[in-house]
Amino acid sequence: MTKTVLLMLSGGLDSSFILYHLLTNTDYDIVTHHISHRYDSEPRWVQEDVATEAVVAYCREHCRAFRHTESVFDFRGFPKHVGWDSDMQVMVASKVAPNLRGKVTVALGWTADSMEKPVVQDRMKRNCTNNMWEVCRNSIDNTNKRSRLNPKLWMPLVDMRYYKTDILRECPKELVDLTWSCRRPIRGEPCGRCFSCKERVAAANIVHFKQGVKDDL
Ligand SMILES: [Zn+2]
């Protein structure tokens, strides 16, 4: 049976690197899915949508062909709580994956960095993401379709013990430049203050310092 990977692609550095890595290092049938997740507290979907389109085009040109799909969820007007992006990814994956051929594994873009955050460790203790996938997978009525979905979510960068710094060392610079990290852009530019901006700049500074390069990302 074909090994199919459904990669949830946000347009950020982590999932974009996973795409590049899987296309260049495996012969898996890769399908990407991007969620244009629109909500007021982190208005970054425009930049993420543009980044995703550019990343897909780059990887198709420089790696190999793959199928890309998208969906839109618009929660504007609900300012206080929209939940975790990964919860939305898992739920949407359970709608997309049964439509794909072969044995399907769902891949998420978490890194070794993310696993060290207290809030993520708390979720791990409560097994939130895996429980959510189990419930979503079990909600599929068709037994054959359900059984073709890997019960275990795959986090390639966590398995590889890859931190942001490892990604920045390995990912082609042109691809890094196409990705988007900021959670709250200001007039279309990275804010420099959100945790994603800080995390990316800190990783870039470490990599560049070690390589003796002075310019930043
Ligand atoms: Zn930012």
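Mentor: Donors are N, O and S atoms within 2.8 Å of the metal. Keep that in mind, as this is a predicted model.

Trainee: What spacing do the donors of the zinc ion follow along the chain?

Mentor: Start with the protein donors: C182, C191, C194 and C197, each through its SG atom. They lie 2.3 to 2.4 Å from the zinc ion, inside the 2.8 Å cut-off. Along the chain, the spacing of these donors is C-x8-C-x2-C-x2-C.

Trainee: Which geometry does the site of the zinc ion have?

Mentor: Four donors count as tetrahedral if all angles lie between 85 and 135 degrees. The ideal value for four tetrahedral donors is 109.5 degrees. Here the angles among the 4 donor atoms are 103 to 120 degrees, so the site is tetrahedral.

Trainee: Is C197 buried or exposed?

Mentor: Buried means under 20% relative accessible area. C191 has 15%, so C191 is buried. C197 has 8%, so C197 too falls under the cut-off and is buried.

Trainee: How many residues of strand 2 are buried?

Mentor: Strand 2 covers residues 29-38. It pairs with strand 1 (residues 3-8) in the parallel sense over 5 bridges. It also runs parallel to strand 3 (residues 67-74), joined by 8 bridges. Strand 2 is mostly covered, and of its 10 residues the number buried is 9.

Trainee: Which residue of strand 2 is the bridge partner of M8?

Mentor: Take V5 as a guide: its bridge partner in strand 2 is I30. For M8, the partner in strand 2 is H33.

Trainee: What is the handedness of the crossover from strand 1 to strand 2?

Mentor: Between strand 1 and strand 2 the chain passes through helix 1 (residues 13-25), making a β-α-β crossover. Strand 2, helix 2 (residues 45-62) and strand 3 make another β-α-β unit, which is right-handed. The crossover through helix 1 is likewise right-handed.

Trainee: Which residue makes a side-chain polar contact of 3.2 Å with N150?

Mentor: N150 lies in the loop between helix 7 (143-147) and helix 8 (156-159). Leaving out residues up to four places away in sequence, N150 touches K103, V104, T105, W133 and R137. The polar contact of 3.2 Å joins the side chain of N150 to that of T105.

Technical notes:
Residues are numbered from 1 along each chain as its sequence is written. This is a predicted model: local features need pLDDT of at least 70, side-chain atom pairs count only at pLDDT 80 or more; totals for chains, interfaces and linings use all residues. Side-chain values use heavy atoms; hydrogens and water are left out. Donors are N, O and S atoms within 2.8 Å of the metal (3.2 Å for Na, K and Ca); water is not among the atoms, so sites may look incomplete. Four donors count as tetrahedral if all angles lie between 85 and 135 degrees; four count as square planar and six as octahedral if opposite donors are over 155 degrees apart and all others between 65 and 115; anything else is irregular. Buried means under 20% relative accessible area, exposed over 50%, partly exposed in between (1.4 Å probe, protein chains only). Helices (H or I, at least four residues) and strands (E, at least two) are DSSP runs, numbered from the N terminus. Two strands pair if DSSP finds at least two bridges between them. A crossover is right-handed if, with the strands pointing away from the viewer, the path from the first strand over the helix to the second runs clockwise. A polar contact is a pair of N or O atoms within 3.5 Å; within protein, one must be able to donate a hydrogen and the other to accept it, and residues adjacent in sequence count only if both atoms are side-chain atoms. Contact means heavy atoms within 4.5 Å.
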